[in-house]
Every structure is written in structure tokens, then in C-alpha cells.
Amino acid sequence: MSKATLSARFRRVDVDEYDENKFVDEEEGGENQLGPDETEVDSLIRQGNLMEALHAVLKNPPINTKNQNIKDRAEGLVLKVLSAFKSSDIEKGVQSLDKNGVDLLMKYIYKGFERPSENSSAVLLQWHEKALAAGGVGSIVRVLTARKTV
Amino acid sequence: MAYHSFLLEPISCHAWNKDQTQIALCPNNHDVHIYKKDGTKWTKTHELKEHNGQVTGIDWAPDSNRIVTCGADRNAYVWTLKEGAWKPTLVILRINRAARCVKWSPKENKFAVGSGSRLISICYFEQENDWWVCKHIKKPIRSTILSLDWHPNNVLLAAGSCDFKCRVFSAYIKEVEEKPGPTPWGSKMPFGEMMFESGGSGAAAQTSGGGGGWVHSVCFSHSGNRLAWTSHDSTVSVAEGGKTTTVSSLSSETLPLLCVTFITENSLVAAGHDCYPVLFVYDSAKGSLTFGGKLDVPKQAAQKGISARERFQNLDRRASETQGTDKDLNTLHKNSISQISVLAGGRNQCTKFCTTGMDGGMAIWDVKSLESAMKNLKIV
């Protein structure tokens with residue numbers, strides 16, 4: 001019965017970390033990105049000013065931050081605003097956004113698809129249809145190729 | 001608009017000779033076929049068999065009549081026409097991954113090869129040893145080079161890479177040329193110096209910005225002062241030498257564009273996975289890039305009322321009685337367009353350009369007739 005008496009700790013070394021050709025993403029500082037302002041958005045929803053709420057919730061997207069909580073909170077907030085819209089108003093909401101806004105909205109929509117809750121998919125699909133009409137397939141391609149996800 | 005279907009396989013790459021009577025193309029295998037124009041027909045005149053892997057790039061030098069090909073077998077060959085046959089000369093590229101693209105320099109005394117080994121090989125002919133020698137540009141390339149384009153001054157080289165950046169390098173080889181004069185991209189140009197890099201500190205911070213996508217295609221304008229590139233995140237960008245801190249980008253609504261070329265100093269034509277070429281207009285004063293129009297003449301499907309027989313056929317085939325025209329591709333190319341080349345007029349006054357794609361077909365587009373066919377299309 002032979003057992004290696006020398007240390008086997010080398011087996012725990014991750015050799016890929018030492019590969020000099022390893023591609024490392026350039027992480028720009030995103031620590032101060034807190035996501036959209038929750039209080040502002042909530043008050044706008046309560047006032048019934050949904051257009052403003054949409055614009056407010058799409059400000060300060062937590063793209064660069066590594067903090068998963070901030071991202072989840074932002075996604076939840078966006079979902080709240082999107083669900084608050086009436087179906088007939090969705091198109092106007094999308095029209096009021098500029099190109100970057102539509103791209104960002106698409107990112108949030110796909111993020112929402114990832115973790116479906118009770119009614120979220122239906123609402124998100126309605127928004128997806130209108131955002132697709134505004135942004136075209138290109139906006140979906142940008143969601144897929146973006147290295148910094150929302 | 002002439003369209004000729006060469007094969008059923010995709011055309012990997014193509015190159016025209018000087019007077020556009022012959023085209024060299026790779027039918028998605030290890031060979032290069034040369035076709036000669038015979039009135040309206042194309043006849044195959046030569047088969048260049050030397051590569052052991054798919055031929056990924058072909059370039060035909062117009063004046064010296066040499067063809068350079070590069071392939072997935074990590075080799076490049078320079079072919080010269082001797083007594084009616086094309087004879088290959090091997091070029092040692094010293095790369096350990098596939099070569100992806102190759103371009104002759106404007107003076108045809110050197111060529112550049114982009115590869116998966118994260119470097120660019122600049123090859124020139126050494127008279128004393130009577131063979132091709134290469135030098136490498138490595139830093140700071142982090143991934144495969146997908147596309148190359150030379151500046152008219154024969155020294156600067158633009159490279160689009162899979163590390164999401166488009167860069168301009170100096171490929172000055174002192175053995176074959178004089179020191180270049182200053183350009184808007186810079187004045188000191190030692191070999192391997194990076195004169196410009198996109199997406200770095202130059203790009204404006206956008207909410208949806210970030211890395212972008214793989215740079216599929218790069219193109220210098222005729223004067224060399226402007227550089228355009230297309231990226232996999234469906235964007236097209238133009239940078240101007242001297243004003244490199246502001247890069248104009250346009251996020252398009254289409255699928256990613258795979259190839260781009262300037263047709264005048266202000267207009268670009270790009271094509272890609274949407275199977276039709278698209279025009280973009282660059283306004284230098286405003287620094288803006290705008291969508292100019294879709295350049296394809298769709299076949300006017302004669303909707304003359306469907307006969308009963310067709311109705312049943314449609315029902316059988318599609319479970320619906322109507323002709324589903326939005327699912328049919330009514331563009332000239334039936335699959336993605338992978339390469340575009342200027343045929344006549346140069347990059348400042350292009351009158352004809354050619355596209356080849358994954359449907360094995362080649363289309364020649366006439367700029368004048370496109371302008372008259374599409375209303376609101378203005379090529380500035």
C-alpha cells in the first residue's frame with residue numbers, strides 16, 4: 001500500500017491564472033455606481049407620472065459594478081416601473097427614449113427574462129415587442145455582445 | 001446589378017485582378033480557383049492547389065500581378081504567373097495559429113497577414129537571400145486579428161481584432177522603403193508603433209457602451225485620413241486622423257456588418273448578416289455618422305391573385321394560404337455577405353463594387369443605377 005508522502009498541494013494551483021496570455025477584461029472603477037434612485041422612482045410611480053419614472057429608472061445603470069445586490073435591486077425597480085405602465089402607453093414610453101435608452105431597456109428586459117416571476121414575462125414580452133420595433137435587431141445584438149451587463 | 005452564382009458553398013474570400021477580367025476565389029476548401037470573364041459567362045482557368053487548410057485570405061496585386069494567399073494551415077504563398085501557370089512560393093510566417101487575412105501594401109513591396117496567434121506578420125522580399133522574410137507586430141494585440149487595411153502611404157496599417165479594438169500600426173520596413181513623412185495619424189512611425197487605438201480612452205462613456213464587439217472589418221478612406229470599422233455589436237464607427245479623441249459611431253438596427261468600404265471620402269458601404277449592402281454617410285464637420293439607405297433592389301413580387309392550386313400548395317407547405325413574403329429573402333444575396341471590394345473608380349469615386357457571400361454568389365453593384373433606383377439616396 002503505497003501512498004505519496006510528498007505534498008499534493010500543487011494540485012490546487014490554478015495554472016490558468018499564470019498564463020501570460022490570459023485575456024483580462026479591463027475593469028473600470030464602478031464602485032460608485034449605485035443604480036437608479038429608488039426613492040425618486042417610487043415617488044414618481046405613486047404620483048402616476050410613469051414617463052418620468054421610466055426615464056428616472058434608466059439613469060445610472062449599474063453596469064460596471066461588481067456588486068450583485070445593486071444589480072438585482074436595479075432590475076427589480078425597473079420591473080416595477082414596467083409593470084406599472086398600461087399596455088396602451090408602452091409604445092409612447094418607448095418612443096420617448098433615445099437610442100441608448102432603447103438599448104438599455106432591452107438589456108433590462110432580457111435580464112428580467114432570466115429570472116421570471118409571476119407576471120413578469122407577459123409584461124416584459126409586451127415591452128420587448130415595442131422596443132424591438134424601435135431598436136431593431138441591432139439592439140438585441142448589443143445585449144448579446146455587451147461585455148458589461150446591467 | 002449583376003449577380004452570378006459560382007457555387008453552392010460559401011465563397012470564403014475573393015480578389016480581382018487589375019482590369020477586373022479575372023477573379024480568384026476560395027470555394028470553402030483548400031484551393032483557390034481563378035475564373036475568367038467570357039462575355040457574360042465565367043470560365044474556370046486555374047486551380048491553385050497548395051494549401052493544407054482552408055484559404056482564409058486572397059489578395060491580387062494589380063501592378064506586379066502576384067497573388068498572395070493565406071490559410072488555416074498557418075502558411076502564406078505568393079503566386080507568380082510563369083508560362084501560363086501560377087507557381088507558389090512559400091512564405092514562413094512563424095505563426096502557430098491559422099492566418100486570417102492578408103493584404104498587399106499599396107506599393108506591393110510587402111504584405112501583411114493577420115492571424116489567430118495575436119500578431120500581424122509584415123512580409124517583405126529580401127533580395128540577397130531571394131526569399132520572403134517577416135517581422136511581427138505583437139504588442140498590444142490581445143486576440144485574433146480579423147481584418148487589415150493599408151494606408152495609402154504604404155507604412156500605416158489598420159488592424160481590427162477580436163479584442164474589440166481597432167488599431168493603426170506602423171509597418172515601416174527600412175529595408176524596402178524610405179522614411180515616411182508625417183501624417184494626421186502621427187509623425188514618428190518606427191516599426192510596430194501603435195498610432196491609434198479605438199475604444200480606449202478615446203471613446204465617450206455611453207450608458208450602453210463598453211467593450212463593443214469583435215471588429216470584423218476595417219477600411220481607410222482614399223486619402224488615408226479617415227478610418228472606418230464595423231463591429232459585432234452592430235455598430236459602424238469612423239475615426240479621423242488628428243481628431244482621434246472623437247470617434248463617430250452609429251449603432252445600427254440591423255444584424256452585425258461583416259465588411260465595409262469607402263466609396264467616396266464621405267460615404268461608406270457596408271454589408272453583413274442581413275444579406276444586403278447598406279450606405280452610411282459621414283459628416284466630418286458635425287462628426288456624425290448617419291444611415292444613408294438600404295442598397296438592394298427587391299424583386300417586385302407580382303401579386304397577381306393566387307390561383308386555387310397555389311392556395312392548396314401553400315396550405316400544404318406552410319399551413320397558411322397566403323404567400324409569406326416577409327419570411328422569404330427578397331434580397332439579391334441569399335445568405336450573409338462576407339466580403340466587399342471596390343471594382344472601379346477607387347475609394348474616392350467608386351462606380352462599381354462587388355460583394356461575395358455565404359450563398360456562393362457574387363454580385364456586382366453599379367453605384368449610378370443604385371442612386372437613380374432608390375429615391376432619397378444621395379452619395380456625397
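Predicted model: local features only at pLDDT ≥ 70, side-chain atom pairs only at ≥ 80, totals over all residues.
Residues are numbered from 1 along each chain as its sequence is written, chains are lettered from A and ligands numbered from 1 in the order in which they are written, and side-chain values use heavy atoms, with hydrogens and water left out.

Start inside chain A. In soluble globular proteins, nonpolar side chains tend to be buried together. The largest nonpolar core here has 32 residues. A nonpolar core is a set of buried Ala, Val, Leu, Ile, Met, Phe, Trp, Tyr and Cys residues joined through side-chain atoms within 4.5 Å. Buried means under 20% relative accessible area, exposed over 50%, and partly exposed in between (1.4 Å probe, protein chains only). L54(A), L82(A), L105(A) and W127(A) have the most contacts inside this core. At least two core residues come from each of α1 (38-47), α2 (50-57), α3 (68-84), α4 (90-95), α5 (99-114) and α6 (120-145) of chain A. Helices (H or I, at least four residues) and strands (E, at least two) are DSSP runs, numbered from the N terminus.

Now look at W127(A). Leaving out residues up to four places away in sequence, W127(A) touches L54(A), L82(A), F85(A), I90(A), V94(A), L105(A) and I109(A). Contact means heavy atoms within 4.5 Å.

Next, move to F10(A), in the segment before α1 of chain A. F10(A) counts as exposed because its relative accessibility is 55%.

Where do the chains meet? The contact takes 22 residues from chain A and 21 residues from chain B. F23(A), R142(A) and R147(A) supply 27% of the area that chain A buries against chain B, more than any other three residues. Together the chains bury about 1,800 Å², 51% of it on carbon and sulfur atoms. Buried area is the accessible area (1.4 Å probe) that two parts lose on being put together, summed over both.

Finish with the loops of chain B. C275(B) sits between β23 and β24 (278-283). Its phi is positive, about 70 degrees, although C275(B) is not a glycine. C275(B) counts as buried because its relative accessibility is 5%. R74(B) lies in the loop between β7 (66-71) and β8 (76-82). Phi of R74(B) is also positive, near 70 degrees. The peptide bond from K139(B) to P140(B) is cis, with omega near -10 degrees.
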